[in-house]
Amino acid sequence: MESWAILSGIEGNIAAYEAVISDVKHQTKGMDDIYILGDFISSRPESEQVVRRIRSPKPNECLPKICTGWWEEQCLILHGLAATGEPTQLIENYGADTVKLLWDAVSRQTVEWIRCLDFGFLELDCLLIHGSSVSVDDELTPQTPPWQMCDRLMRVGATNLFCGRSGLTFEYQLQGGSVSSQITTLEGQQSVQIATASPRRVIGVGNVGREPGKATYTLYEPDTNRVDFRTIRYG
């Protein structure tokens, strides 16, 4: 039976990542895929060590599929490789000192590798992404309004959306719904489009490295549509 391990938010915490990979090996006889949904780096100096570990798995481990997250986007901004010119969010959230810490934590070689990563993955009927189909900093939580969840899912036609921006583990069920859009032309003509959605869900996959001594991640079985949230204590 096919199995996926879905991670997000390693944030330069190599000990947490090792603990999760060890747990993944014990949970299943063989993991078909490991997805890392962004934020594998941060301003921690161990970020380069995490990147090397991810890119060079051990002989009995599969090579993870990786997409960019909020921290990776901030890193690209610092190097002038993103649409936004200033690290405004980074400074607002973590202070001006973090700009230099992030710059020093990630090598130029790693930056070039990051800029080639995917924004997300559309596998079977699943969208796996850091934020949402809108942006990496779009934070979906159990308190997100249903219309917003429905919009994010319908943009890509996914039944399951796996995201990691919030750092939470949650399962958000949408029994069905519709989204209407209205376009008004310069001539004043209006056209209304209504899109109807079948039952869908949004899954928060947790956070590996943010909280010292505690890592959360998600196991998923595409054949049965089963989701299993894992909490690992380490150190």
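Author: Let us begin with burial: buried means under 20% relative accessible area, exposed over 50%, and partly exposed in between, with a 1.4 Å probe and protein chains only. Helices (H or I, at least four residues) and strands (E, at least two) are DSSP runs numbered from the N terminus. This is a predicted model, in which local features need pLDDT of at least 70 and side-chain atom pairs count only at pLDDT 80 or more, while totals for chains, interfaces and linings use all residues. Residues are numbered from 1 along each chain as its sequence is written, and side-chain values use heavy atoms, with hydrogens and water left out.

Reader: What makes α3 mostly covered?

Author: Eight of the nine residues of α3 are buried. They are W70, W71, E72, Q74, C75, L76, I77 and L78.

Reader: Which helices do the buried residues of α3 pack against?

Author: Those residues pack against α4 (88-94), α5 and α6 (108-114), where contact means heavy atoms within 4.5 Å.

Reader: Why are α3 and α5 called roughly perpendicular?

Author: Helix α3 (residues 70-78) and helix α5 (residues 97-105) pack at an angle of about 90 degrees, and their axes are 10 Å apart. Axes are lines fitted to C-alpha atoms, for helices over the stretch in contact, and angles run from 0 to 180 degrees between N-to-C directions. Angles under 35 degrees count as roughly parallel, over 145 as roughly antiparallel, 65 to 115 as roughly perpendicular, and the rest as oblique. The two helices are therefore roughly perpendicular.

Reader: Which residues of α3 and α5 meet?

Author: W71, Q74, C75 and L78 of α3 meet T98, V99, L102 and W103 of α5. By class, this contact has six nonpolar, two polar and no charged residues. Ala, Val, Leu, Ile, Met, Phe, Trp, Tyr, Cys and Pro count as nonpolar, Asp, Glu, Lys and Arg as charged, and the others, Gly among them, as polar.

Reader: How many residues line the largest pocket, and which lie nearest its centre?

Author: A pocket is an open set of points on a 1 Å grid over the protein atoms alone, where a 1.4 Å probe fits, with protein on both sides within 12 Å along at least five of seven lines; lining residues have an atom within 4 Å of a point. The largest pocket is lined by 14 residues, and T68, E73, L76, A82 and F119 lie nearest its centre. Helix α3 gives the most to this lining, with three residues.
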